[in-house]
Amino acid sequence: MPVRTTPSGAERATLLADAALALLAERGMRGLTHRAVDEKAGLPLGSTSNHARTRLALLEVAVRRLAERESQVLSMDEMPDPAGGLASLVDGMALALHRYLTRHRELLVCRYELALEATRRPELRAFYDATGQQFQQPLLALLTAMGSPDPQRHTLSLVAWCDGMMFLCAAGAYHATQPTLEELRTGFRELLGGMLGGE
């Protein structure tokens, strides 16, 4: 019989954060309580309170972990070298978005739960926006390197297009339909080609 070990501090923190995200996806914001996180994580009562004493602290834990998991899915560090041209950028972005839409829908639900909560909590809004910079800044740098004549505006348009696609496919009118990888390539080709004057 395997010996059950007590998780380390870092492992416990990750376990609690993942449990918080699972609860958000399953039950929504009302289902996210310290006690429910303890139960979901399979840890003694009070574990979550020791790690995140207040409701705001618990929400910040969830936002931070969501950003970590999204970075693993979207793999911003795998974005192509600008020298690869438009085709390489289109393919890299389409692959990342398709992976998110088809394998990680629960993260999208968490994203929207937390975004709505941030509209009611200014202190969470600042934290939420700061974590979002990890995706916007690399895109801004990439579009700048590829010769965008207006990288700030183009980054906003690109992020808005991706966010719109994710919302529609996770919670909106297209929730029962997922775009194919080729459809996403076509969409990115049209969008980025218009921005960058591409092929």
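Reply: A contact means heavy atoms within 4.5 Å. By that rule, 66% of the chain's contacts with a separation of 6 or more join residues 24 or more positions apart. This is a predicted model, so local features need pLDDT of at least 70 and side-chain atom pairs count only at pLDDT 80 or more, while totals for chains, interfaces and linings use all residues. Residues are numbered from 1 along each chain as its sequence is written, and side-chain values use heavy atoms, with hydrogens and water left out.

First, the overall layout. The chain has nine helices and zero strands. (Helices are DSSP runs of H or I with at least four residues, strands are E runs of at least two, and numbering starts at the N terminus.) Along the sequence, the pattern reads α-α-α-α-α-α-α-α-α. The C-alpha atoms fill a box of roughly 60 × 45 × 35 Å along the principal axes. Of the 199 residues in the chain, 44% are buried. (Buried is under 20% relative accessible area, exposed is over 50%, and partly exposed lies in between, with a 1.4 Å probe and protein chains only.)

Now the packing. Two packed helices are described by the angle between their axes and the distance between the axes. Take α4 (55–74) and α7 (122–145). Their axes come within 10 Å and cross at roughly 15 degrees. (Axes are lines fitted to C-alpha atoms, over the stretch in contact for helices, and angles run from 0 to 180 degrees between N-to-C directions.) So α4 and α7 are roughly parallel to each other. (Under 35 degrees is roughly parallel, over 145 roughly antiparallel, 65 to 115 roughly perpendicular, and the rest oblique.) The crossing of α4 and α7 is right-handed. (That is the near helix turned clockwise from the far one by less than a right angle; anticlockwise is left-handed.) On the α4 side, the contact residues include Leu56, Leu59, Val63 and Glu70. Those of α7 include Glu123, Phe127, Tyr128 and Phe135. By class, this contact has nine nonpolar, three polar and five charged residues. (Nonpolar are Ala, Val, Leu, Ile, Met, Phe, Trp, Tyr, Cys and Pro; charged are Asp, Glu, Lys and Arg; the others, Gly among them, are polar.)

Next, follow α7 to α8. These two helices pack at an angle of about 125 degrees, with their axes 9 Å apart. That angle makes α7 oblique to α8. The crossing is right-handed. In α7, the residues Gln136, Leu139, Leu140, Leu143 and Thr144 take part. They meet Pro151, Gln152, His154, Thr155, Leu158 and Val159 of α8. The contact of α7 with α8 holds six nonpolar, five polar and no charged residues.

Look at the link between these two helices. Ser148 sits in the loop between α7 and α8 (151–170). Ser148 is buried, with a relative accessible area of 9%. Its side chain makes a polar contact of 2.6 Å with the side chain of His154. (A polar contact is a pair of N or O atoms within 3.5 Å; within protein, one must be able to donate a hydrogen and the other to accept it, and residues adjacent in sequence count only if both atoms are side-chain atoms.) Leaving out residues up to four places away in sequence, Ser148 touches Leu143, His154 and Leu196.

Helix α5 (residues 85–103) packs with helix α9 (residues 181–196) at about 135 degrees, and their axes are 8 Å apart. Therefore α5 and α9 are oblique to each other. Their crossing is right-handed. From α5 come Leu86, Leu89, Met93 and His98, among others. From α9 come residues including Leu181, Phe188, Leu192 and Leu196. The contact of α5 with α9 divides into 13 nonpolar, two polar and three charged residues. Glu190 is also in helix α9. Glu190 is exposed, with a relative accessible area of 59%. Its C-alpha atom lies 25 Å from that of Glu70, 120 residues away along the chain.

Last, the α2 region. Helix α2 (residues 34–41) has these buried residues: His34, Ala36, Val37, Asp38 and Ala41. Their cover includes α1 (9–27), α3 and α4. Thr48 is in helix α3 (residues 47–51). Thr48 is buried, with a relative accessible area of 1%. Not counting residues up to four places away in sequence, Thr48 touches Leu16, His34, Val37, Asp38 and Leu58. Just after α2, Gly42 takes a positive phi of about 70 degrees.
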